[in-house]
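Here is a short report for a reader meeting this structure for the first time. It takes the topics one at a time.

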Amino acid sequence: TSEKNFLKAKSDFTVMQVKEKSLKEKLRMMHINPDALSIENLQTSISIVSPINGYIDQVLGVQGDFLNPSAIALTIVDIEHLHLELNIFEKDLPKLEIGQSIEFKLLDDHINTHAAKIYLINKTVDAELRTIGIHGHLADESMKNKFNPGMYVEAKIYTSSETKVALPIESMVETDGKYYVLILKNKNEDGYSFKKKQIEIGQADTAYVEIITPNQFEKNTLFLTKGAFSLISE
């Protein structure tokens with residue numbers, strides 16, 4: 001009988017040890033140190049620690065609410081690593097590849113542009129809008145403080161690149177369907193003199209225009225890049 005009682009007590013003791021360890025681990029998951037607890041020192045509240053650093057965006061719970069495991073008490077925005085999210089039409093998907101350059105600007109900022117690269121291309125198409133999500137990373141992470149989550153942007157994705165001889169758009173003037181530039185003819189104490197020259201243009205972007213016939217100019221030719229319109233008009 002004594003041996004039977006001993007084995008039962010030993011089994012109960014082992015069970016209680018397992019239960020004690022399990023409860024300690026639950027307390028640690030609640031960020032409570034079980035070793036600091038005693039009958040005289042009990043903790044009546046639990047601190048909820050965020051898994052990320054950031055800023056509180058919304059508080060959805062109030063004091064006294066009962067929250068089940070699937071409920072959301074608040075939302076936190078982490079701006080440590082901002083991402084660029086774009087939507088493109090499905091017809092443009094074959095042109096895109098990971099690593100391509102992105103140039104974007106804020107809707108209200110028509111001067112400053114920023115750079116990014118395609119990091120991820122979604123595999124599913126929005127059934128209603130027929131668009132595909134593009135995930136980009138900023139080329140310069142130090143610029144993240146200039147943006148806030150939720151901002152709208154306008155973006156261009158460069159699918160290919162070529163090297164062309166080009167001039168700034170401001171350096172040429174269109175007259176009757178023909179394009180002209182001013183090249184430096186002479187520079188002296190009295191000032192500068194320029195010569196008007198017709199050119200043929202090709203591809204263009206927001207800042208530069210391709211010159212199809214660059215061989216008509218000498219290697220060290222200097223062009224007037226600002227104010228050509230007013231001078232040619234005169």
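## A charge over a ring

In this predicted model, the charged end of Lys-196 sits over the ring of Tyr-180. The distance to the ring centre is 4.3 Å. A charge counts as over a ring if NZ of Lys or CZ of Arg is within 6 Å of the ring centre and within 35 degrees of the ring normal.

## Confidence and ground rules

The protein averages a pLDDT of 85, and 99% of the residues score at least 70. pLDDT is the predictor's confidence in each residue, from 0 to 100. Among the elements, helix α1 (residues 2–29) has the highest mean, 92. Helix α2 (residues 228–233) has the lowest, 71. Helices (H or I, at least four residues) and strands (E, at least two) are DSSP runs, numbered from the N terminus. Where pLDDT is low, the predicted coordinates should not be read in detail.

Residues are numbered from 1 along each chain as its sequence is written, and side-chain values use heavy atoms, with hydrogens and water left out. Local features need pLDDT of at least 70 and side-chain atom pairs count only at pLDDT 80 or more, while totals for chains, interfaces and linings use all residues.

## Aromatic pairs

The structure holds 3 aromatic pairs. Rings of Phe, Tyr and Trp (its six-membered ring) pair if their centres lie within 6.5 Å; planes under 30 degrees apart count as stacked, over 60 as edge-to-face and the rest as tilted. One of the pairs joins Phe-104 and Phe-147. This pair is tilted, at 5.7 Å centre to centre and 50 degrees between the planes. Phe-104 lies in strand β4 and Phe-147 in the loop between β6 (131–138) and β7, so the pair ties together parts 43 residues apart in sequence. Phe-104 is buried, at 3% relative accessible area. Phe-147 is buried too, at 9%. Buried means under 20% relative accessible area, exposed over 50%, partly exposed in between (1.4 Å probe, protein chains only).

Phe-217 and Phe-223 form an edge-to-face pair, because their planes stand at 75 degrees, with ring centres 5.0 Å apart. Phe-217 counts as buried at 14% relative accessibility. Phe-223 counts as partly exposed at 23%.

## The largest pocket

The largest pocket has a volume of about 580 Å³. A pocket is an open set of points on a 1 Å grid over the protein atoms alone, where a 1.4 Å probe fits, with protein on both sides within 12 Å along at least five of seven lines; lining residues have an atom within 4 Å of a point. Grid points are joined across faces, edges and corners, and a volume is the space filled by probe spheres set on the points.

This pocket is lined by 25 residues. Leu-84, Glu-85, Leu-86, Val-153 and Ala-155 lie nearest its centre. Strand β3 gives the largest share of the lining, 6 residues. By class, the lining has 15 nonpolar, 6 polar and 4 charged residues. Ala, Val, Leu, Ile, Met, Phe, Trp, Tyr, Cys and Pro count as nonpolar, Asp, Glu, Lys and Arg as charged, and the others, Gly among them, as polar.

## The second largest pocket

The second largest pocket holds about 440 Å³ of space. Of its 13 lining residues, Glu-162, Lys-164, Gln-203, Ala-204 and Asp-205 are the closest to its centre. Strand β13 gives the most, 3 residues. The lining has 5 nonpolar, 3 polar and 5 charged residues.
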